[in-house]
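Please read the points below with the structure open beside you. They are grouped by region and are meant to be checked residue by residue.

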Amino acid sequence: MDSNDIVHERRQGAVAWLTMNRPSARNSLSLAMLEQLHGAVEDLGAAKDVHVIVLAGSGPAFCAGHDLKELTAARLEPDRGRAFFEETMAKCARLMLAVVHCPKPVIACVHGVATAAGAQLVASCDLALASRKASFATPGVNIGLFCSTPMVALSRNLGRKAVMQMLLTGAPIAASDAFDIGLVNAVTEPEGLVAATEALASSIASKAPATLKIGKEAFYRQAEMPLAEAYRYASEVMVANLLEPDADEGIAAFLDKRQAVWRGMAS
């Protein structure tokens, strides 16, 4: 990995790994990091040879949230940092939305601490695997800064009581607790995390990419709808999906007891 890369990309078949590479700053989300991550997610989302994206971190931390040193330096501006704060929060929101709206499944591979906007990033991903040594927190309340934007992603993925406890206490939770409340899908021993993530990503990447795109978009859209509207929308999606070439091929392959050959590509 080039130590000058803020975000390092590598390919493993149809899986693209994006590694945040500011280990000395615990991979904090500086403005440059937000911009580069956002660009990389959008580019990979449009790449036809990529079916799954994995987000990881270098060094001891996964991501320690916003760069507090950068935010503090902005306070010296005549507006006390308002313009910089607004730009940072807007670009952070754009990144989280890019992850959710990305047509490819995005998996977080969490080996160390994920705090504040780092926990927000994990919650924004479609799936997350964590090392037993990982921990998660929204500690802003401890420094007079409530984690309001991380709250958005967390409250849409977890039970309210669990989220409020994280937000109001700022206390870290262990990987096992993160699994119990649904923040991560699985917990592994540290030495097995990458292999487990690779196995999960490869399994998903073997599915029809057009189907993954249809399903991911439908999942997030229906989640915001009233029940009856969600069923109407999901029924329309199912009909459209049934008319896709890959659904025709997949059903035929299942009935013929053979391996499907996907023809459609995610766009």
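1. A residue is called buried here when its relative accessible area is under 20%, exposed when it is over 50%, and partly exposed in between. By that cut-off, helix 4 (residues 117-124) is mostly covered, with eight of its eight residues buried. They are Ala117, Gly118, Ala119, Gln120, Leu121, Val122, Ala123 and Ser124. Please keep in mind throughout that this is a predicted model.

2. The largest nonpolar core has 49 residues. Leu29, Phe62, Val110, Val122, Phe136 and Leu183 are the members with the most contacts inside this core. Helix 1 (residues 31-46) gives the most to the core, with six residues. As background, nonpolar side chains in soluble globular proteins tend to be buried together.

3. Which residues does Phe136 touch, leaving aside those up to four places away in sequence? The list is Val110, Ala114, Val122, Ala130, Met166, Ala171, Pro172, Ile173, Ala175, Ala178, Leu183 and Val184. Val122 in this list is also one of the buried residues of helix 4.

4. Two packed helices are described by the angle between their axes and the distance between the axes. For helix 9 (residues 209-223) and helix 10 (residues 227-242), the axes come within 10 Å and cross at roughly 175 degrees. An angle over 145 degrees counts as roughly antiparallel, so helix 9 is roughly antiparallel to helix 10. On the helix 9 side, the contact is made by Thr211, Ile214, Glu217, Ala218, Arg221 and Gln222. Helix 10 contributes Ala230, Tyr233, Val237 and Asn241. Sorted by class, the contact has five nonpolar, three polar and two charged residues.

5. Glu217 and Arg221, both in the helix 9 contact, also meet through their side chains in a salt bridge (3.8 Å, N to O). An α-helix has 3.6 residues a turn, so residues three or four places apart point the same way. Glu217 and Arg221 are four residues apart in helix 9 and are therefore separated by about one helical turn. Glu217 is partly exposed at 42% relative accessibility, and Arg221 is partly exposed at 43%.

6. How many salt bridges does the structure hold? The count is 11. One of them joins the side chains of Asp49 and Arg11 (3.1 Å, N to O). Asp49 is in the loop between helix 1 and strand 3 (52-57), and Arg11 is in strand 1 (residues 7-12), so the pair ties together parts that are 38 residues apart in sequence. Asp49 is partly exposed, with a relative accessible area of 47%, and Arg11 is partly exposed at 39%. Together with Glu9, Arg11 and Asp49 are linked in a network of salt bridges.

7. A further salt bridge is formed by the side chains of Glu35 and Lys91 (2.4 Å, N to O). Glu35 belongs to helix 1 and Lys91 to helix 3 (residues 82-101), so this pair ties together parts that are 56 residues apart in sequence. Lys91 counts as buried, at 19% relative accessibility.

8. The loop between strand 2 (15-20) and helix 1 holds Arg26. Arg26 has a positive phi of about 55 degrees although it is not a glycine. Asn27, found in the loop between strand 2 and helix 1, likewise has a positive phi of about 55 degrees and is not a glycine. As for accessibility, Arg26 counts as partly exposed at 39%, whereas Asn27 is buried at 0%.

9. Glu189 is in the loop between strand 10 (186-188) and helix 8 (193-205). Its relative accessibility is 39%, so Glu189 counts as partly exposed. Glu189 and Ala32 are 157 residues apart in sequence and 32 Å apart in space, C-alpha to C-alpha.

Methods: Residues are numbered from 1 along each chain as its sequence is written. This is a predicted model: local features need pLDDT of at least 70, side-chain atom pairs count only at pLDDT 80 or more; totals for chains, interfaces and linings use all residues. Side-chain values use heavy atoms; hydrogens and water are left out. Axes are lines fitted to C-alpha atoms, for helices over the stretch in contact, and angles run from 0 to 180 degrees between N-to-C directions. Helices (H or I, at least four residues) and strands (E, at least two) are DSSP runs, numbered from the N terminus. Angles under 35 degrees count as roughly parallel, over 145 as roughly antiparallel, 65 to 115 as roughly perpendicular and the rest as oblique. Contact means heavy atoms within 4.5 Å. Ala, Val, Leu, Ile, Met, Phe, Trp, Tyr, Cys and Pro count as nonpolar, Asp, Glu, Lys and Arg as charged, and the others, Gly among them, as polar. A nonpolar core is a set of buried Ala, Val, Leu, Ile, Met, Phe, Trp, Tyr and Cys residues joined through side-chain atoms within 4.5 Å. Buried means under 20% relative accessible area, exposed over 50%, partly exposed in between (1.4 Å probe, protein chains only). A salt bridge is a side-chain nitrogen of Lys or Arg within 4 Å of a carboxyl oxygen of Asp or Glu.
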